[in-house]
Structure formats: C-alpha cells, structure tokens
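Colleague: I would like to learn how to read a structure like this one, feature by feature. Could you give me the general idea each time and then the case at hand?

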Amino acid sequence: MAFIYDTLKNLVNQDMISGIADSIQEKESKVSSAATAVIPGLLGLLTKTGVTPPVHNALMEAGKNNISEDINRIFSGNASVEQQRIGDRFLQALMGDKVTDFTSAISTEADISFANARKIIFMLAPVVAGFLGKRMVDENKTTAELIDEINNEKGCFIGFIPSTINNIFNISNRPKVKSYIPEVEKEMATPTKHNWVPWLIIGLLLVGIIFWWRSCHKEEKEKEFINPYVTTDTIPPFHEEEYLPDTKATTELHLSDNVTLHAYPYGIEYQMISFLESDFYKEATEEDLKNNWFTFDNVEFVHGSGTELMPGSELQIDNIIQILKHFPGTHIKIGGYTDRTGNDEENKKLSLDRASTIKNLLVKGGIPANTISIEGYGEEFAVYDTDAPDEERAKDRIIALRFMK
C-alpha cells in the first residue's frame, strides 16, 4: 500500500508546480518551497485536530465527490466552485480562525507574498482533502483509522513543517537528528583513554537513525484509535455515521455586541466574516478575488423556479444582510448555477433569475443595489451528468457570491 505522504508528494509533481507558478505569476522554486511546507503542515494539523465532525464531514464529502479527480484544473487556478468550497471547508475544520496565521507562516517560509501563499494553500487544500477522502471511501476506512495511518508516518514529514506553524499550532517537536553530529565529531577529535566511547556513541546513533527511518515506513498495525483528550466514561463515543455532510445544526456567530447570527458551523457566514477580516482581503486586487466564491449552504429554490425559495431559506439571506451591513461599502457579485438537465438557454435564464431574486432580497433588506452585480452561469460549471442521482445533481444547483473591489 502506498504511503500517504509519499503519494501526495508525487501528486504535486514538476508539471503541477509549473502550472501553479504560471497561474499566480510566481517563481517555480518559491512555489515548490511553499508546497513542501503546506502538505506536511496540513497532515500535521490533521493529526493534531483528530476526529471531529467538521474534519470527518470535509473528508467524506471530498472523497464521495472525488474532488481531486481533475487536479490539473485546480493547479491552473480554475478550480470549480465545489472544489473551492470543500478546500475552504477542510481548512476551516483544521484551523478555524487561524488560516491567516498559517498563510503568513507559509509566506515567510517560501519568501512570497501573502496573496500568493494563500492561493497556493487554497489550491493544495482540495487536493489533500480529496486524496485523503478518496482513500477513506475506497478502502472503507474511518476517519480515526486514516488519522492513525498518518500518525504512523509522522516521522517522515514532521521535520518539513515550518517552526512558525509548529509554534502556532503546537503540532509536535521536530526531530533534531543533525544536532547530534557536531557532538560526535568533537568527541572523535579529542581522543581519551576510553577509545571505545566514540564508537559506542556512533553505534547508538546509527541504531537511533535506523529506528527513526523505519518508523516512516513501518507496516500498518491494527489498533484502536484513542483520543487522549477524551475519556470515554464521561463523554459519549464519537460515531462518524452521525455526522454525515447533510446533518447540520446551527451555532451562534457574534457579529457585534448587538447582532448574533444563527448559522451552520463553518458555513458561508463564518467564511465571509473570516475572509472580510483577513489581511488578504484588505490587500487583494479584483484579480485576486475572482476565484474566491462562497456557496450559500442554507438557501434553496423550489425546483424549476427562479423566484420561489424553500421554507427556511430566509434565515441565511437575513444573515448575509447583517454581514454586509457590518462591513459597509462591500461590493459583491452573485452567481446562479444549474445542473445539466434542460437546455442551456433555459438554464442560463433560470440561474440569472435566481441570482436576481437573491439580489432583490438583499436590497429589500437595506443593501445598496449598486454594490451588487449578478450573473447566471447556467450549466457552464456543472460537474454531474444528467443521469446522475438527483442528490448529486443538486450540488450543481447552487447560489454563490464573491467579493469585488
């Protein structure tokens, strides 16, 4: 069985590095340096975070949708809305509100701009999530078993995690094999009557190095996953089947002292607020913002209608209104999308009507009309074929927004 870290390294080959470099106008050497830090960083964070509902949901959704199937599209800077959404969800599950800190560390490590570091991270995140999720689905693994497997390989990649990231997230101490070498050389350069001592030290070091190397490639062991932070006699055990992607409960988001939103954990509201407060958004150009779409996850239209919303959709519309009021002067673009059933012309009109409906509701709630633009993309970015199950085609029937400058 192929090792996880080695396989991910091979996925991000020279052609992929070149594609990323071309799409963000950056030197290949710096892109390679960033990728060398991002992949171990994400794996390390996964072992640190452990089995949580957001992690499980992100991986399962990525695996079932085979999100990393077309990685050339991702690395050329043209990731689909679905790929972007799952990449965002994976990062939020691992880091929460510290995505900006992670990005800053990669920016420093690779000596690139914050904006380019962020682009590289958001290209690699869906690839890592997609690969890990597909491994879970294909091999019928639980999230706990997958993380256990990554833990077994930790010695192979932990040393590549930048110290800044390690300090922020306290992932693990990095191995310091090289730190012993000067001491050995010094001992050998100063002979004493105990001439066997240097050879004993060398022997012990060799044994230690061999043991460390073998730990990177040891055979998998069947063992029970135990979360050291949870005592099973006081907290009910975590059952992954209870946390499928469509099983959601709302949580409170405190936008200000007087405004509290009820939204899905790590949903569009959380993502929008985090993004608008980030240094990346403050420094971003219109070009930087073009591929950063946020998908509405609690707004649904009646099938075939461009104007009638399903009950309960108004809550998220109201949340978006409150967020835009909290960040006055923010400009957005709303995009409507359909599946591939029907003809292209009708789908274009339907998607435009839906985008227009959302705009009208935002304007009715007090958002200036001149800060909102709309476009109907129809089936242009649809992923699933017309004969796919409806629950899959429903993922193509979405409304999304992005910010504009």
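Colleague: How many helices and strands does the protein chain have?

Modeller: Helices (H or I, at least four residues) and strands (E, at least two) are DSSP runs, numbered from the N terminus. The protein chain has 19 helices and 6 strands. This is a predicted model, where local features need pLDDT of at least 70 and side-chain atom pairs count only at pLDDT 80 or more, while totals for chains, interfaces and linings use all residues. Residues are numbered from 1 along each chain as its sequence is written, and side-chain values use heavy atoms, with hydrogens and water left out.

Colleague: What percentage of the protein chain is made up of buried residues?

Modeller: Buried means under 20% relative accessible area, exposed over 50%, and partly exposed in between (1.4 Å probe, protein chains only). Of the 405 residues in the protein chain, 47% are buried. As for the surface, the chain exposes about 20800 Å², with 52% of it supplied by carbon and sulfur atoms. Those areas come from the Shrake-Rupley method with a 1.4 Å probe, and for residues only the protein chains shown count as cover.

Colleague: And the contacts between residues at least 6 apart in sequence: what share join residues at least 24 apart?

Modeller: Contact means heavy atoms within 4.5 Å. Among contacts in the protein chain between residues at least 6 apart in sequence, 73% join residues at least 24 apart.

Colleague: Now helix packing. At what angle do the axes of α3 and α8 cross?

Modeller: Axes are lines fitted to C-alpha atoms, for helices over the stretch in contact, and angles run from 0 to 180 degrees between N-to-C directions. Helix α3 (residues 28–49) and helix α8 (residues 114–138) cross at roughly 45°, and their axes come within 10 Å. That makes α3 oblique to α8; angles under 35 degrees count as roughly parallel, over 145 as roughly antiparallel, 65 to 115 as roughly perpendicular and the rest as oblique. The crossing of α3 and α8 is right-handed, a term used if the near helix is turned clockwise from the far one by less than a right angle, with anticlockwise giving left-handed.

Colleague: Which residues make that contact between α3 and α8?

Modeller: From α3 come V31, A34, A35, V38, I39, L42, L43 and L46, and from α8 come I120, I121, L124, A125, V128 and L132. The residues divide into 14 nonpolar, no polar and no charged. Here Ala, Val, Leu, Ile, Met, Phe, Trp, Tyr, Cys and Pro count as nonpolar, Asp, Glu, Lys and Arg as charged, and the others, Gly among them, as polar.

Colleague: How do α3 and α6 pack, and what is the handedness of their crossing?

Modeller: α3 and helix α6 (residues 81–95) pack at an angle of about 55°, with axes 9 Å apart. The two are therefore oblique to each other, and α3 passes α6 in a left-handed crossing. L42, L45, L46 and T49 of α3 meet F90, L91, A93, L94 and M95 of α6. By class, this contact has 8 nonpolar, 1 polar and no charged residues.

Colleague: What about α1 and α3?

Modeller: Helix α1 (residues 4–11) and α3 cross at roughly 145°, and their axes come within 11 Å. This crossing is right-handed. I4, Y5 and L8 in α1 meet I39, P40 and L43 in α3, giving 6 nonpolar, no polar and no charged residues.
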